[in-house]
Amino acid sequence: MVDLNLKAEPFLGHYSKGFKGVDLREIDDNSLVSLALPLGEESKAIKAIEAAFGIPVPDVGHSALAKNGAMRLLRLGRDQLFVVFLYEGMDSEPYIADKLAGAVYSTDQSHVWVTLEISGPSARAALERICPIDLNPDAFAIHQLARTNMEHLGTIIIRTAPDTYLLMSASSSAGSFLHAVETSIENVA
Amino acid sequence: MIINHPLLGPRDAAEFVYLGDAALIDRPDPSVADAAEKFHEYGYLRDNPAGEHQELWYHEQGDRSWLVVTRNTLSHEISKVELARDVAVARGRGR
Amino acid sequence: MSQTNRIKGGLVDRSQTLKFTFNGKSMQGHPGDTLASALLANGQKLVGRSFKYHRPRGIFSAGSYEPNALVELRTGAHQEPNTRATVAELFDGLTANSQNHRGPLEFDVMSGVDLLAPFLSAGFYYKTFMWPKAFWEKIYEPFIRMSAGLGSLSMQEDPDVYDKGFLHCDLLVIGAGPAGLSAALAAGRSGAKIILADEDFLFGGQLNAETYAVDGMAGSGWAAQAVAELAAMDNVRLMNRTTIYGAYDHGIFGALERCTDHLPTSGGKPRQILWKIYSKRSLLTAGATERPIAFGNNDRPGVMLAGAVRTYANRYGVAPGKRVAVFTNNDDGWRTATDLADKGIEIAAVIDSRDGTPRASIHGANMVMGGRIVDTAGRKGLKSLTLSNGQVIKADCLAVSGGWNPNVHLTCHQRGRPNWNDDLSAFVPGDDLPVGMSVAGAANGTLALGAALKDGRDRANEIVKDLGFKASRKAAPKAEDEAYKGAPFWHVGESRKRAWVDLQNDVTVKDIKQSHAEGFRSVEHLKRYTTLGMATDQGKTSNIPALAIMAECTGKTIPQTGTTIFRPPYTPIPMGALAGRARGKNFRPTRLTPSHIWAKENGATFVEVGNWMRAQWFARPGEKGWRDSVDREVEMTRASVGICDVTTLGKIDIQGKDAAEFLNHIYTNAFLKLPVGKVRYGLMLREDGIAYDDGTVARLGENHYVMTTTTANAVLVFRRLEFARQCLWPGLDVHLISTTDGWAQFAVAGSNSRSLLSKIVDDGFDLSNEAFPFMACAELTVCAGTPARLFRISFSGEMAFEIAVPARFGNAMMGVLMQAGEEFDAVPYGTEALGVMRIEKGHAAGNELNGQTTAVNLGLGGFVSQKKDCIGKTLSERPDLNRDDAIRLVGFKPVDPAKPLLAGSHFINKGDTANMANDQGWMSSVAFSPIMGHSIGLGFIKQGHERKGEIVRAVNPARGSEVDVEIVSPHFYDPEGGLQRG
């Protein structure tokens, strides 16, 4: 009998590297589910989300973190959110759909995105080379997010701590995305 | 250019894709008698004003919203930015 | 050579000595020197040859507007031509060479060209080299290219790296002279976010060049103190060596930062950074540029701008000459004489074009009021000058001042026009400034120092208050307020000798007069006819004098004559900086399929499909060429089973109560009745009725559909769907999100596909034809619990499935499928075999959906539902798109099976001449079919569906091919479709 055991491989092999003033690593243990708010029933859907996860649904361009830090809601558009959460199983979308009981439309996005965490005192200087968004601390508060493009790649950037940012980009171009971020860091380090 | 997105604030035009005249929202009713003529106008005839122009921009590298941007084609001054969905609803579009 | 012309004082660091070479000669300078100041310190006056006439030329200015002193810096691949010596910062080991001469600089064999000058005046190009026609390419052009021009390229790839970046600020201050520093201090104290940029390596601008005092200290000392205060503010970003080169829409500025040009090597770091600066407001404090006066032989080395002469003395501690004369039309020129005299430099004469009394008394100097210089002498450097009264004055340096032009360039980048100011005889910023821009100091025509300092502070305070910050109450720094006094004087009419206006392009007063005489009166025409104002300096010292001379010719005023439009960039931007990182394979991102690593390990040859890298074929040992591999992949797939990564097809998750109705609007065919668990083919049109894209839609749940698009159109279709959702039918409850990258999807095709898959689907899932027939779909698990999606669809014509697993499982999935398929001789196949099989099956793809074809042309007329509307329906019914003789998609096979077919061939009926009038259509796709044993083609031909069996000619004149082909059904393989349903 042949071994038909199927294993998941992280997009960037659990990349992790320290640079002068910056740390960069792949975050591979998050699940990600998108939520679409049904037309005309947005407020009902928002109430359901808040009830299910105990997190107030943030405004567009912001994220909100659960008290235990295990789940973050990203408000990407008027009718679209992402739920980013720690989850062991492979059924992350049914898990979320179950909790929301039809109040939203949900789609698994866990494998659509590669996630990098960039942190350290020089992180912002490195991002200045590729990110058109104003990341000045007063312009881009902690938990604020933006969906933009960096080096021709669509990217979601979330500020999670004073000097820490999550960067999410398409998984198929993970290598190019890592190269873009690494180059930025090396160019300022 | 900078487009002041109604939900997201000022964003570089490089995040957007340009389509053209916001009259493209007004897709004709295919059931009227002169539908072919109407669709011909809709598909091929555009005003090309030197001055204020309502145009469609798509925030492809952003929240995926279509916007109606009122831009002066001479000065590039942008006087108004609206969600195209709201404009479409206001113009009576529905299902 | 020692630094013979180095004098005391200045802002260079004499504790360190830097060695450099010029044309191989060893020289020395100090930190704080530019190449130009160091050359002058070493007594090197001759630094290059002119563009057209190969005239000896020296250093003319002390700034980025230098027209003459263009040099090549560095060697080998690092060599950079046309660098202005006046802004090149000296470093230890710098190698510099002069340009545009053959043989040594001192004995340029091309200098004879100067004797041809009478034949080379304005427009000579267009007049002289007209005939014989054949001479242009072989003789004239090579000669002109050899004799004219500037530096030369290394012809090697640029070894440096470049970067780009984005900056944001409340206020961008452009230029760090007195007004800029004073503005930045005021604005910085308010707490607003400030960027202060200056092209120089040393902040201070004119303060470093002059002997004025500010707040009771030396101007340069005050500047250094201001910079120290600014550097301590968190809200201020100081950017020296940074040129703001363009003012763009809505407060966006382009900036070039030169990071390592002043260092011997870049150390692998970006040499330059091209910044995009987003500013809420901007303040232009770019100062002013001195302009020359034109007179006979005014281009000799040693003839310099007066402000530059005292800049070299004051800032760099260099005497540009031993015996200096001044020619001026304003009081400021006198400062050069007094400053230099104070430093003990002999002043030969001050010649003022104005009448009246001398503005200063200088010991031993000849004072000539109402004076005119008509000629100069000295072949490789100035020796003497001759006045209109015949007097000859010996001097080795002549400092010329024709007044000052405010640097209004950036105010004009949005098509604003400057205003003429009679007091200054210069253009000042107009009323139509770029959005958010203010102007202060000399750039605004405020030339007096004290006033400029106050102007900078006041404007900055206005701006920050406007932005909601609290303005600092601190007073403006105090300085002398000597008013600028001068009278316009542009050129010496009495001169019989050539008088240069544009030194860089060798344009003389006579050329301008000639161009006027020939009818080129508009300034834009003058510029293009004479080349005045072109190249690296963009006429910064020549435009206004040229305009004045043209005004004189036309009898109009200068403002009536006009001004040329200033466009970005302010100073040249290297191509490398514009390219940034986008070089080689970093030109665009690369997308990899989930099984990329597996494919690489298994001999795949890859092909770029948009940004994707896809396996094209998998060569096996012994195969002699790609055809061997592709034929085998097709044969083995058709014989048993093959596997192909098809992840690149766009996947769009569509949900909502109205999703089916939405799809009905999008596709030509009906979707309201597609049951859950089924897949349907769909065709999209453009609104003009032309076919746009095709794919499948699988209904996974009551309100849940998954659409596939072609690889090429994935992004475009998504965009159109969002347009339809938000703009056309905003009342529908429907939501879209791309899942293209989320699912690794594999086609498993061939008679053994079911047997193979049955080994990996988790127990209980029935793959039988009854339970899971053609066009079925399901969500299931595979390999003990991994979620998957299964679709019974076929692009190859075989019984086939597409199986999708989450992308992180994709690489392993390919291995698992191959392992499970081992007993069936499963084969991986690439895009070539995929293409061959789809042509054999007669499926349309991108070559057929090429933006010119309709559903009718494609043989898909039946897919356009007559019971509902959809995008493109109305216009697809236009009579001309539905003519009886419309082209139809059919198959073609060569009458002689040995003959290959060529895509792009056009069809011509037998007996007709092969021309466009007789064109019957074209061949869109061809392949060698290993199943048929000959070439096959798909193509469009008029009324093709009624012409089966007819022989026509497939003609391809571009590639010299003509083949007789028979019109056949496009379905070469299994035309009844029994296999895919089996």
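This is a predicted model: local features need pLDDT of at least 70, side-chain atom pairs count only at pLDDT 80 or more; totals for chains, interfaces and linings use all residues.
Chain C has 982 residues, and 61% of them are buried. Its secondary structure comes to 22 helices and 50 strands. The radius of gyration of chain C is 38 Å, while the globule rule gives 30 Å for 982 residues, so chain C is more spread out than a compact globule. Along the principal axes, the C-alpha atoms of chain C fill a box of roughly 115 × 70 × 55 Å.

Contacts tell how a chain folds back on itself. Among the contacts in chain C with a separation of 6 or more, 66% join residues 24 or more positions apart. The accessible surface of this chain comes to about 36700 Å², and carbon and sulfur atoms account for 53% of that surface.

Chain B can be described in the same terms. It has 95 residues, of which 48% count as buried. There are 2 helices and 6 strands in chain B, and along the sequence they follow the pattern β-β-β-α-β-β-β-α. The C-alpha trace of chain B spans about 45 × 30 × 20 Å along its principal axes. Of the contacts in chain B with a separation of 6 or more, 49% are between residues 24 or more positions apart. Chain B exposes about 4500 Å², with 50% supplied by carbon and sulfur atoms. The mean positions of its 11 positive and 16 negative charges are 6 Å apart.

The next topic is the interior. In soluble globular proteins, nonpolar side chains tend to be buried together. Which residues touch the most other members of the largest nonpolar core? They are Phe20(C), Phe22(C), Leu35(C), Leu39(C), Ile59(C), Tyr312(C) and Ile347(C), in a core of 57 residues. Helix α1 of chain C, residues 35–41, gives the most to this core, with 6 residues.

In helix α9, residues 509–517, the buried residues are Val509(C), Asp511(C), Ile512(C), Gln514(C), Ser515(C) and His516(C). An α-helix has 3.6 residues a turn, so residues three or four places apart point the same way. Just after α9(C), Gly519(C) takes a positive phi of about 100°.

The other helix is α11, residues 543–554, which holds Asn543(C). Is Asn543(C) buried or exposed? Its relative accessibility is 12%, and buried means under 20%, so Asn543(C) counts as buried. Apart from neighbours within four places in sequence, Asn543(C) is in contact with Leu532(C), Gly533(C), Gln538(C), Thr564(C) and Phe566(C).

Not counting residues up to four places away in sequence, Thr913(C) touches Ile908(C) and Asn918(C).

Some loops of chain C also have backbone angles to look at. His250(C), in the loop between β13 (242–247) and β14 (252–258), has a positive phi of about 60° although it is not a glycine. Ala784(C), another residue other than glycine, has a positive phi near 65°. The place of Ala784(C) is in the loop between β41 (777–782) and β42 (786–791), and with a relative accessible area of 71% Ala784(C) is exposed.

The bond from Pro568(C) to Pro569(C) is cis, with omega near 0°. Pro569(C) is found in the loop between α12 (558–561) and α13 (575–579) of chain C.

Key: Residues are numbered from 1 along each chain as its sequence is written. Chains are lettered from A and ligands numbered from 1 in the order in which they are written. Side-chain values use heavy atoms; hydrogens and water are left out. Helices (H or I, at least four residues) and strands (E, at least two) are DSSP runs, numbered from the N terminus. The radius of gyration is taken over C-alpha atoms; the globule rule is 2.2 Å times the number of residues to the power 0.38. Buried means under 20% relative accessible area, exposed over 50%, partly exposed in between (1.4 Å probe, protein chains only). Contact means heavy atoms within 4.5 Å. Accessible areas come from the Shrake-Rupley method with a 1.4 Å probe; for residues, only the protein chains shown count as cover. A nonpolar core is a set of buried Ala, Val, Leu, Ile, Met, Phe, Trp, Tyr and Cys residues joined through side-chain atoms within 4.5 Å. Lys and Arg count as positive and Asp and Glu as negative; His and the chain ends are not counted. The place of a charge is taken as NZ of Lys, CZ of Arg, CG of Asp or CD of Glu.
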